[in-house]
Amino acid sequence: MSRLLLRTLREAPGDAEAASHQLLVRAGFIRRLSSGVYTFLPLGFKLVQNITAIVREEMDRAGAQEMLMPVLAPIELLQATGRDAIMDDILMHLTAKGGDFVLGPTHEEVVTTTIGGEVDSYRDLPLNVYQVQTKFRDEARPRFGMMRTREFIMKDAYSFDADAEAMNRSYKVMYDAYCKIFDRLGLTYTPVVADSGAIGGDVNHEFMVASAIGEDFFVQCADCGYAANIEAAIAGEAADAASTGGGDSEEMVVHDTPDTPTIDSLVELFRDRGRDITAAQTLKCITLKDADNNMILALVPGDREVLVGRVGNGAVAFDEADFAAHPELAKGYIGPADAQAKSFRVIADPLVRTGGPWITGANEQGRHATGVTLDRDFTVDEYVAVASVAEGDPCPNCSGTLAFEQAVEAGHTFQLGLTYSQKIDGAEFADEDGKLGQMYMGCYGIGISRMVAVIAELHHDDDGLAWPAAVAPYDVHLLGLGAGRSEEVRDATAKLYDQLTEAGIKVLYDDRDASPGVMFADADLLGMPKIVAIGRKSLEKGVVELKDRSTGDRSEVTPEELLASLS
């Protein structure tokens with residue numbers, strides 16, 4: 001340690017909110033260069049190398065082949081798939097003499113182009129490739145140290161198959177490989193059904209790790225094990241679903257409700273007028289348009305959000321330009337009455353069918369209606385599960401209920417299908433009959449540098465970090481207590497250091513002329529699995545002091561017993 005590039009800190013930096021961020025900085029694993037950009041110092045880089053080694057071993061075991069793709073991607077590639085627009089808010093652009101580029105946020109387009117140029121026949125498939133590469137995303141709000149950064153190390157893998165059935169098999173192999181990786185990394189995780197987001201495709205799973213600093217939530221049923229990200233979760237219909245309103249016989253009445261374009265403002269106004277209502281009694285009506293410019297009205301209870309991605313056909317919410325083009329629509333006061341006459345296709349979550357009468361917009365500025373009843377005052381063209389789930393909703397698979405869990409994403413796997421191969425020139429092959437077909441793809445990502453923070457969040461205590469043996473920079477932290485004042489202690493510690501290293505055990509040797517209190521505090525902070533101390537008193541007894549960093553258990557063993565237990 002006298003030669004190690006390491007400076008530990010007793011206080012955490014003021015901008016560090018998460019325990020992992022605080023401890024990684026205090027322990028000298030990382031240093032901030034700018035917002036969302038970090039340097040890995042020697043101990044931190046050893047963590048990265050150990051995590052990467054586990055990922056590589058499982059990828060190789062799963063039949064994937066490692067390659068390395070460029071960081072620079074021509075903007076034309078992303079334009080071909082439309083992701084230049086979809087991901088525009090996080091893309092880092094670069095203009096060079098060769099044209100316009102982006103710093104790769106992920107590599108679907110690049111790998112599709114590359115493999116398309118190498119594969120000619122179905123005999124070349126299946127194929128699975130991966131890389132460990134630096135990625136760049138212009139995050140608006142980097143947070144929690146290594147959890148959300150602008151530059152990060154990622155393992156991304158891509159499978160290529162001749163048909164959907166083969167893609168499913170490749171996906172299962174990689175799914176299982178991910179489970180093995182996270183098991184080896186010492187993570188408690190839950191694979192959940194997820195939304196594909198900007199990556200695309202249909203089937204995909206996030207591997208979620210419960211955490212108080214998680215920026216994601218997933219729902220889980222304790223009875224049957226159903227688990228899904230809240231953006232992909234679907235609630236079942238309650239067996240005893242009852243009206244949330246005032247009864248089927250309630251008359252529809254229009255009220256003046258000025259300055260109430262939101263659900264919250266509407267609820268507050270009614271309460272001020274002596275009618276205590278909840279958001280669940282209101283009907284939220286969201287105007288959308290699909291890829292063919294068809295207008296859609298999506299209905300959900302007012303305490304839920306509309307998950308636009310489930311509407312299909314590229315549906316997006318109206319923007320200001322859309323409302324300007326349709327002045328007949330009373331923005332903030334839109335209701336379902338006569339929606340079809342206004343050329344809307346009306347879709348509703350099944351919760352709308354089991355609720356009501358509703359309080360909703362009256363299609364006039366500053367006016368809402370109460371007592372609005374399905375099939376009397378409005379009709380629905382199609383029921384689609386477009387509402388966000390809530391704590392306590394029925395499970396869609398059994399009679400259980402859904403509970404929320406705050407979590408961080410450790411990895412994500414996708415079945416892309418033909419999402420990219422249909423858009424990238426040359427991503428085709430000749431089948432057994434000589435006909436050309438597109439390759440079915442899957443992609444699989446793990447944030448290597450993020451794993452440092454995810455593992456630290458799960459493996460620490462009040463004194464510092466406690467790394468799992470599989471990823472720890474060193475196996476043993478060896479302390480020579482008072483070695484600066486005792487030649488006998490110094491010689492005994494150096495001898496044990498040599499014995500341990502000759503046995504193939506990785507040792508961090510604290511040979512500094514520091515007090516025992518400083519040595520033990522640093523050892524707890526750095527978090528190697530085993531802490532071994534030699535001092536004058538232990539030498540007199542012919543033993544060394546052994547501490548298990550994770551459990552805190554302490555014991556005295558002979559050097560021979562120590563070597564036997566660690567070898």
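**Overall make-up and largest pocket**

Tutor: The protein contains 14 helices and 31 strands; helices (H or I, at least four residues) and strands (E, at least two) are DSSP runs, numbered from the N terminus. This is a predicted model, in which local features need pLDDT of at least 70, side-chain atom pairs count only at pLDDT 80 or more, and totals for chains, interfaces and linings use all residues. Residues are numbered from 1 along each chain as its sequence is written, and side-chain values use heavy atoms, with hydrogens and water left out.

Student: What box do the C-alpha atoms fill?

Tutor: Along the principal axes, the box is roughly 95 × 70 × 50 Å.

Student: And what share of the residues is buried?

Tutor: Of the 567 residues, 51% are buried, meaning under 20% relative accessible area (1.4 Å probe, protein chains only).

Student: New topic: how much space lies in the largest pocket?

Tutor: The largest pocket holds about 1200 Å³. On a 1 Å grid over the protein atoms alone, a pocket is an open set of points where a 1.4 Å probe fits, with protein on both sides within 12 Å along at least five of seven lines; lining residues have an atom within 4 Å of a point.

Student: Which residues lie nearest its centre?

Tutor: Of the 48 residues that line the largest pocket, Arg 137, Glu 139, Arg 148, Glu 409 and His 412 lie nearest its centre.

Student: Which element gives the most to that lining?

Tutor: Strand 21 does, with seven residues. Elements that give two or more residues include strand 8 (151-161) and helix 10 (448-458).

Notes:
Buried < 20%, exposed > 50% of the residue type's maximum accessible area, 1.4 Å probe, protein only. Points joined across faces, edges and corners; volume = space filled by probe spheres on them.
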